[in-house]
Amino acid sequence: MLWVDKYRPRTLDKMFVHEEIAQNLKKLVAEQDCPHLLFYGPPGAGKKTLIMALLREMFGPAAEKVKLEQKTWKIDAGTRTIELELAMLASTHHVELNPSDAGFQDRYIVQEIIKEMAKNRPIDSKGKKGFKVLVLNEVDKLSKEAQHSLRRTMEKYSASCRLVLCCNSSSRVTEAVRSRCLNVRLNAPTVEQIIEVLELIGKKESLQLPPGFAARIAAQSNRSMRRAILSFETCRVQQYPFTVNQAVPAMDWEQYVSEIASDIMKEQSPKRLFQVRGKVYELLANCIPPEVILKKLLLELLKKLDSELKHEICHWAAYYEHRMRLGQKSIFHIEAFVAKFMSIYKAFLIETFG
Amino acid sequence: MGKRKAVIVLSSSEDDEVRDRSAGGHQRPSKSRSNPLSTSRKRIGKRSKETSCVGSVSRPSPKLEAAKFATLSEDFSDCLEDLHLARGNQYWKELWIDKYKPSSVAQLAVHKKKVEEIKCWLEDRLTKSKGRSGNVLLLTGHAGIGKSATVRAIASQLGAQLCEWTTPTPTLWQEHVHISNLGLRYVSKLDEFESFVEKVGKYSLLFPNNFGLSKVPIIILIDDLPGTNGRAAFVKLKKCLMTLAHSSQLPTIISITEFSEIDLGKGSTSRYEELISILERAGAQKVAFNPLTVSSIKKVLSNICQEEKCDVTLELIDQIAKTCGGDIRNAVASFQYCCVRPDDFLLSASSTQMTTNTRLDFTKSRSSLLTGQNGHEPLSFFLVGRDETLTLFHALGKFLHNKREIPNALDLDLGSESLVLCKKFVRKPLKMDVPERVLSQAYGQARPVVDFLHENVLDFVSDGAINDAWMVSSYLSDADCLLALSLHIIFPSLTDMHESKSISQLVAASVAVRGVLFGNVQPMSSRWHTIRSPKLWQIEHLAHQHKNELMGAKCDTYGIGVSMSEIVTEYLPSVKWISSGITDGLGDGKYEHYPIRVNSSSEHGFVVYDSKESMSNEESDDDEIEDW
């Protein structure tokens, strides 16, 4: 098991970060009145951990007995039936799924599953009608239609099921859905918190941590707990006992992007642009999301850039990121950004150095 | 219904007889000779099918026919009488294509060298035909450039008799049902061709002995290869042709019409090329016909003009010759069409001529701005002649090479008069048609055109001009947005949606093309460039595959809640490191169930993709793009 999973806090009491929120949630559950919940926050902030702990708080250890199901849904859509296959993780009390995996047919999934869950409501030991919890991941990636149908079904079946939604950015969730949920924002953990956690893990694994080592990992982690723990484990595999100035391995794709960035800084010509395109292609073929590439590339470029130009470059990066969302093929826009950067940078070089 | 069928059968047999009679003496024996042969060769010694159609229309004895019909049915005879009268009143001319068919070698418009080549070959084969292989001559070329006419003319000059394979008429389904009810087996046209090929081998051996009286040399002409559908049939056809090339004892001429890629799609051209290469390997000699030159077509047309005493201007002839694209059949037909009502036509032709002349100097200077007007410039181009088509690669080459006129002082003056532009926006006039028209000629669809431009344009931007590169890529990015927009438009009615979609696609293509033309201020001096197929397509395919793979593994390994990007950007790289640690013997087997994905990849875990495979497809098109 990866350390990320191994040292994941299981209960609300044991949460390392967001302790306050955890306590509030605990009170909420204790009062037996749980509204729909929407957790949002940057990756690695602990949304998933919190949700799992919350479910355990609600249903006890039974919530942890989950089973993976590949379920085929037959959906009657007017004139034809659509068959959709979607993986879901289910216990007796909750179902977890990722509706955006269904692609453009996501709205059928949302409706159908909620309907089905509403049909067979569990009855708890006291004979009272209980409710099931439906955990939907990546709600921000749902289509607008799916979010609308989510809103309707939410109202209709609110007696029989509770929704727990989870996403990175609440701005891509429609107002209607947001207003029907209790919004819980989870901040990224601070560097100090990450250091604390890493040192804790180090103690439990009985590792000797040289001073400042955890701090360096934390600094590289982008304030993502998951990222920090993963690279901590990577370091452990690479070299143990740790040395004081052991390099923290960067993600391979990030290295690749910084290579691209230095390529761009070295030469500004159509030929080089073409080479850059080839490299971006390799990243894309490995399913690295284009937004992530563009963002990382911008950060790498900014590192090496004269502060005079930073403003303009950021402007163009934002411009082409928007274009990317409007367009179909991201490479066109990434390339346009690179070309624009090259053009600006070259003009700058000529101006300053003649 | 039954009656009607009977009538048709009668008329067609009649037609044959009539034509035989009119054709005269020396064709008679050919028919009797052909009798012992298979049914598939029943058309031997006759003219090809098209001409027989025409012949039936201009047949001189409709009365006789009408009388026969009358005995069959009174009603029919009445109708036919009317019809016959109507036809009698009409002033009818034979089509010029048939009337002015070249009967001698001298009349051929084909290049002398080609004619000579074929003639030499035929003479060579006819004088000492015994016991040598390579009796097959292959003629290739576009439609209507006189392949068959050349063979016929030479044959008649050499006094040889031409035996022609004509693909039998296709069997209709009803016919098929009827035949199979009678207990006959259906024979596919390809099978018939196969048996014909077999017989050619034997027949040529037997023939001179059996019919010793005939000293007329025989040439076999295969003008129409049976169509094939599917790989198996094609292989069979190939085998047939191979045996034909090897076993044929008589000089055999196979003429294959080249099709442009656009007409038939990519697969079929490669098939024709394959056929040609197979025949060549089997020892066939190939003579490739080029499209006829404008001057030779003009000569033919003016000859016809003199014969018919038509009052047409030289300009018209000139225009027809230019627009027909080397297709003389088309040229003659459109010439006849123009001569039907010369008054109207002349007017329009001359008027456009005038306007083009007067406008020429204007357009030259302002064509970069006003190219839209050029769109409906010479109307007569569309009245006659074939629409010119371009291959997609040809068009792309035009856009990418971005050739511009060299401006002279006069043009610059005019330009400044009409509209003053900032200097950085001024471009020299294009050395081509309006980009949109070029696109439509190439049947370019927006998405592939944009992708192709994107893939290749950087090769054509000169080295230092990074600003140009940005301009081009920003326009391509615009085009991509427009294309994406065309997918998302939702309109109330379906037809509306369809239309707006196609329009926005056109706009996107136009933006991309014009962006490429405008942005590339100093295109590289023209040199050899290969046009690559977009690597983007491969990458998309790979990414899709990869994603599906990950999706499969995702649930088992990482649980449902983890998003795709998290897996790719965080889990996978770390897991790779960790598992590579295990293979080094550092780990303790804890991580066994994580898939190890590092083995097959290169240094960074990124596979290097080989694009050679797709390149080879394009290579055949390269020669067209060399210089435009």
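Visitor: Where is the place of I288(A)?
Guide: I288(A) is in the loop between α11 (270-285) and α12 (290-303) of chain A. Helices here are DSSP runs of H or I with at least four residues, and strands are runs of E with at least two, numbered from the N terminus. This is a predicted model, in which local features need pLDDT of at least 70 and side-chain atom pairs count only at pLDDT 80 or more, while totals for chains, interfaces and linings use all residues. Residues are numbered from 1 along each chain as its sequence is written, chains are lettered from A and ligands numbered from 1 in the order in which they are written, and side-chain values use heavy atoms, without hydrogens and water.

Visitor: Is I288(A) buried or exposed?
Guide: I288(A) is buried, with a relative accessible area of 4%. Buried means under 20%, exposed over 50%, and partly exposed in between, for a 1.4 Å probe and protein chains only.

Visitor: What is I288(A) in contact with, leaving aside its neighbours within four places in sequence?
Guide: I288(A) is then in contact (heavy atoms within 4.5 Å) with W253(A), L283(A), I293(A), V568(B) and T569(B). The C-alpha atoms of I288(A) and W253(A) are separated by 8.1 Å, and these residues are 35 apart along the chain.

Visitor: On to the two chains. How many residues of each are in contact?
Guide: On the chain A side there are 70 residues, in contact with 66 residues of chain B. The two chains bury about 6,000 Å² between them, 61% of it on carbon and sulfur atoms. That buried area is the accessible area (1.4 Å probe) lost on putting the two parts together, summed over both.

Visitor: Which residues in chain A lose the most area to chain B?
Guide: They are P270(A), Y281(A) and F332(A), together 12% of what that side buries.

Visitor: And how many salt bridges are there between chain A and chain B?
Guide: The count is five, where a salt bridge is a side-chain nitrogen of Lys or Arg within 4 Å of a carboxyl oxygen of Asp or Glu. The side chains of K329(A) and E540(B) form a salt bridge at 3.4 Å, N to O.

Visitor: Changing topic: what does the secondary structure of chain B come to?
Guide: Chain B has 27 helices and five strands. Of its 628 residues, 42% are buried.

Visitor: How many buried residues does α9 of chain B have?
Guide: Zero among its 10 residues, 173-182, so this helix is hardly covered. G183(B) follows α9(B), and its phi is positive, near 95 degrees.
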